[in-house]
Amino acid sequence: MRKILFLPAVFCSVILTAQHVTEVNILEQEHWWGGAVACGEQMPYLEPLEYDLETQNHNNQVVPLLLSGKGRYLWSEYPFRFTIDAEKIIITSDYEKVIVAVAGNTLREAYQAVCREHFPPSGVLPDTLFFTVPQYNTWIELMYDQNQEDVLSYARQIVEHGFPAGVLMIDDNWQKYYGNFEFKPDKFPAPKEMVAELHRMGFKVMVWICPFVSADSPEYRFLQSKGYLIKDQKGGTALIKWWNGYSACYDFTNPQAASYFVSLLKQMQQDYGIDGFKFDAGDNSFYNKEMRSYKENTLSVDHTQAWARMGLEFPVNEFRAGWKMGGEALVQRLGDKNYSWKAVQSLIPQMMAAGLSGYAYTCPDMIGGGQYRSFLNVDQRNLDQTLIVRSAQVHALMPMMQFSVAPWRVLDQENLEIVRGVARLHEKFSPYIMECAKKAARTGEPIVRHMEYSFPGEGFALCKDQYMLGDQYLVAPMVTAGKSRMVKLPKGRWKDDLGKIHPGGRTIEIVVPLERLPYFEKLK
């Protein structure tokens with residue numbers, strides 16, 4: 001094991017008015033990753049970038065970590081701002097001096113060292129159903145009109161069209177209002193029976209939740225009286241702006257508030273048979289220093305992290321925003337993507353960035369994208385069905401794949417059969433994916449790995465359209481509208497999905513008809 005070397009630095013206590021600046025000169029042929037998962041397609045950072053981990057997250061996870069392909073890394077327990085260009089990185093922190101550590105000579109050595117030190121794996125996995133079969137989310141099909149009849153119809157169609165049952169997520173607006181955990185009686189006349197039927201069909205059931213509470217509700221008045229809500233600067237209850245308006249918000253830095261919230265969720269599980277929860281809206285950008293919390297000097301990211309801790313109580317969970325918490329048994333999802341080839345091209349680099357942030361158990365958004373406007377009143381004749389197929393193929397050999405738009409609604413029979421086939425391919429690969437997940441729980445290593453992580457010194461630092469699934473498989477999906485692509489093979493011998501053997505250490509061009517998902521198995 002390599003000894004980690006810390007470059008000279010001075011540790012400072014947290015002083016909110018001070019600024020601590022660290023300048024890091026970028027070495028020749030050195031590349032850097034990290035900070036924000038949503039910046040994955042910009043990694044390694046080649047173009048100038050400015051980012052504030054305290055106030056930004058761009059709809060996804062942030063982590064106080066930067067990693068170098070030369071074995072260096074920067075870590076802080078607090079959020080920092082960073083600017084980066086071709087010559088240097090400037091780290092500015094209001095809280096502490098950020099130091100540069102040297103852990104070896106490669107990206108993998110840097111990651112393994114920071115993982116051991118700052119987010120060691122818990123040894124616990126989320127529910128295994130996430131990894132073995134696809135997930136299904138009702139958002140695109142139902143949007144804010146979540147209702148019992150259509151949820152059951154969607155589930156039945158999944159099975160009728162030959163897709164394997166998996167985790168089913170009932171999205172926003174199933175509840176009476178925010179902060180309430182009862183199904184709308186006019187929309188869900190028999191929720192317990194609905195969940196039981198979904199269970200009989202082979203699904204586990206999640207419901208969407210958030211930390212917000214509708215103002216002037218009975219729950220609001222109760223929580224306010226108990227001191228369980230975030231306060232404003234004057235000591236009154238803060239009303240926070242988020243995408244659904246203005247709401248009060250739980251203060252999960254208060255242990256009693258956190259315990260009470262968990263008790264509500266567990267009571268809901270007893271009442272309705274719910275298996276778990278989609279924990280949404282934990283974005284650090286909703287919070288600011290003017291707010292007052294139970295814990296003094298609480299930062300925006302502390303609220304994000306406190307929200308994430310709620311998920312540790314439930315093996316069936318999902319998050320989209322995050323702060324630290326690497327190595328924990330939390331399912332992460334990439335932020336909602338629009339319906340475009342550019343969005344498809346962002347999936348692989350963002351998944352690799354998530355892995356390098358300690359989030360091994362990540363899902364690459366929803367197939368085709370999570371932006372519902374793309375699918376409103378859609379006409380099959382005007383939809384680029386190729387994009388749906390290629391998006392599904394990108395998902396197929398990831399740790400998880402999630403459907404939301406119903407493939408049978410937007411695809412013709414030929415393309416539907418291809419998508420059904422890649423869902424089955426994911427199921428076929430599930431024993432290997434589970435093997436990778438269990439290894440991640442032991443070692444903290446990513447499941448989706450950057451090629452530079454796996455094959456340092458072979459010229460893969462800038463590679464963004466292929467990745468390693470664990471140690472054994474190189475996956476090279478099509479992420480453009482074309483039918484051919486280049487694949488750079490590492491040294492060694494590789495067998496492709498068609499059974500052909502390729503010598504490594506070279507770049508090859510392959511033909512990729514729409515029904516093909518190229519992958520290469522590393523041979524001994």
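**Close-up views of a predicted model**

View 1. Just after α12, Gly444 adopts a positive phi of about 85°, where helices (H or I, at least four residues) and strands (E, at least two) are DSSP runs numbered from the N terminus. The model is predicted, so that local features need pLDDT of at least 70 and side-chain atom pairs count only at pLDDT 80 or more, while totals for chains, interfaces and linings use all residues. Residues are numbered from 1 along each chain as its sequence is written, and side-chain values use heavy atoms, with hydrogens and water left out.

View 2. Gln402 belongs to strand β21 (residues 402-403) and counts as buried because its relative accessibility is 0%, buried meaning under 20% relative accessible area with a 1.4 Å probe and protein chains only. Its side chain makes a polar contact with the side chain of Glu318 at 3.0 Å; a polar contact is a pair of N or O atoms within 3.5 Å, and within protein one must be able to donate a hydrogen and the other to accept it, with residues adjacent in sequence counting only if both atoms are side-chain atoms. Not counting residues up to four places away in sequence, Gln402 touches residues including Asn137, Arg333, Asp365 and His395, contact meaning heavy atoms within 4.5 Å.

View 3. Strand β5 (residues 61-68) pairs with β6 in the antiparallel sense over three bridges, two strands being paired if DSSP finds at least two bridges between them. These two strands form a hairpin with three residues between them, and Gly71 in the turn has a positive phi of about 90°. Four bridges join β6 to strand β9 (residues 99-102), again antiparallel. Trp75 stands opposite Leu65 and also opposite Ile99 in β9. Both faces of β6 (residues 72-75) are covered, with Arg72 and Leu74 buried on one side and Tyr73 and Trp75 buried on the other.

**View 4. The open sheet β2-β8-β7-β4.** Four strands form this open sheet with antiparallel pairing. Strands β2 (20-25) and β4 (49-52) stand at the edges with a single partner strand each, so one side of each lacks a neighbour in the sheet.

Definitions and conventions
Buried means under 20% relative accessible area, exposed over 50%, partly exposed in between (1.4 Å probe, protein chains only).
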